[in-house]
Amino acid sequence: MTSLRGRGGVGRGPESRRGGEMAAEQDPEALAAARPLLTDLYQATMALGYWRARRAREQAEFELFFRGCPFGGAFALAAGLRDCVRFLRAFRLRDADVQFLASVLPPDTEPAFFEHLRGLDCSDVTVRALPEGSLAFPGVPLLQVCGPLLVVQLLETPLLCLVSYASLIATNAARLRLIAGPKKRLLEMGLRRAQGPDGGLTASTYSYLGGFDGSSNVLAGQLRGVPVAGTLAHSFITSFLGTEVPPNPAQEIRKIFRTISAQFQVPWLESVSITVSNNINEEELARLAQEGSEVNVIGIGTNVVTCPRQPSLGCVYKLVSVGGQPRMKLTEDPEKQTLPGSKAAFRLLGADGEAPPTPRGPSQVPRPPALFLAHTGSPLLDVLQLVDEPPPQAGQELRVWPRGAQEACTVRPAHVEPLLRLWVRRGQLCEPLPSLAESRAFAQLSLSRLSPEHKRLEQPAPYRVALSDKLRALVDRLCAGGPS
């Protein structure tokens, strides 16, 4: 395993700086890593509060998740883990960082607090997460972050920043890929429309993970290994011709290619790719993807990088345990209540074409809890349970409580998949991160297993996330004000 202590950090002397430069040369992606002060001021304010209360080293656990699927769909793709691990590797407050914090925190802040900050790293942090490219659903953690309370609190804003946009872009790209079908080549061409250089690099990277074939962004090719491709600008044409003739429809262009190919015996011209771009959205993409279309390559810019249908995934980072005791946010809005305690997550798989459980909601006619006999195939539902519970077993009945339902239902899965993998244990990288290309392939495999009713882009069937009996009982007890 590889230690995260001080790796990629900025040192205080020339030798440390040279070491950091050498590390960046060996690992080009480190150049795009976020810095510790890419955060909100209140994180430092809370850190000071924890330190003064002598709770800085108390063990705590946070979960990063989203509350609703984006774009009116029923799924999302998890992304950004690679950037998070790189951020943790580099997490170290430089002297200049600490000096700046001293200038914005209260003037009576104790010097010993700033000395504490100088010694912080992520060597005691543990991270479990969905692998990049995984299907993700509301309430299921994308990341679980455990470690000293002060440190894992400081990680909130940067981790949200790294995961939320990456997952939104990957999901948007996956939707566009589903519309285009498997045969059309999709190129991301949105750098000039992106929300700054960082947004442009993130969009180029995670649109590729979500199913695009490449990007026009050369830096994404250099730093992230994204295949790069492009066309040419109107200025290139007009520099030679003086004016630019409006393009013909793709079908007419293909006829011209075939005619010239036959006339001059140049067979390769018949199959030259035809590329289109120009503010292509989901509706226009569907038209270009129709049977018989002669378009081979479709370049999409604004409508992939800016996610105009929903500009934010709305991820949150919530405390679920501190000092070994579960913690829960209670609110009048049920959707904003959090689930307490350290948890495990599992995906229950059923037979192809099998319908997921349909529990009774407030407006439905009462019915006995359903039993679904599963064999192999599509995901039925995700189950959240406390980490000390035995995992679900294939072929065995399991009673669960779908979120938002008033009654439990019973399911018998053919297969059970644990969802959260251990990537970092107390500062040690537990296994190599998959490459971007591997995560892209995994995303396409994950989507291929999702049932068509959940994959529909308009009015899809909601995918169910359920709680175990024990977790549901803990939620009810805390809501009632009982002991944890």
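Student: How many aromatic pairs are there in the whole structure?
Tutor: A search finds 6. Rings of Phe, Tyr and Trp (its six-membered ring) pair if their centres lie within 6.5 Å; planes under 30 degrees apart count as stacked, over 60 as edge-to-face and the rest as tilted. This is a predicted model: local features need pLDDT of at least 70, side-chain atom pairs need 80 or more, and totals for chains, interfaces and linings use all residues. Numbering runs from 1 along each chain as its sequence is written, and side-chain values use heavy atoms, without hydrogens or water.

Student: Why is the pair of Phe62 and Tyr317 stacked?
Tutor: The ring centres of Phe62 and Tyr317 are 4.7 Å apart and their planes sit at 15°, so the pair counts as stacked. Phe62 is in strand β2 (residues 59-65) and Tyr317 in strand β11 (residues 316-322), so the pair ties together parts 255 residues apart in sequence. Strands here are DSSP runs of E, at least two residues, numbered from the N terminus.

Student: Is Phe62 buried or exposed?
Tutor: Buried, at 4% relative accessible area. Tyr317 is buried too, at 3%. The cut-offs are under 20% for buried, over 50% for exposed and partly exposed in between (1.4 Å probe, protein chains only).

Student: Which residues do ring pairs link into a cluster?
Tutor: Trp51, Phe113 and Phe114.

Student: New topic. How much of the chain is buried?
Tutor: 49% of its 484 residues.

Key: Helix = DSSP H or I, 4+ residues; strand = E, 2+ residues; numbered from the N terminus.
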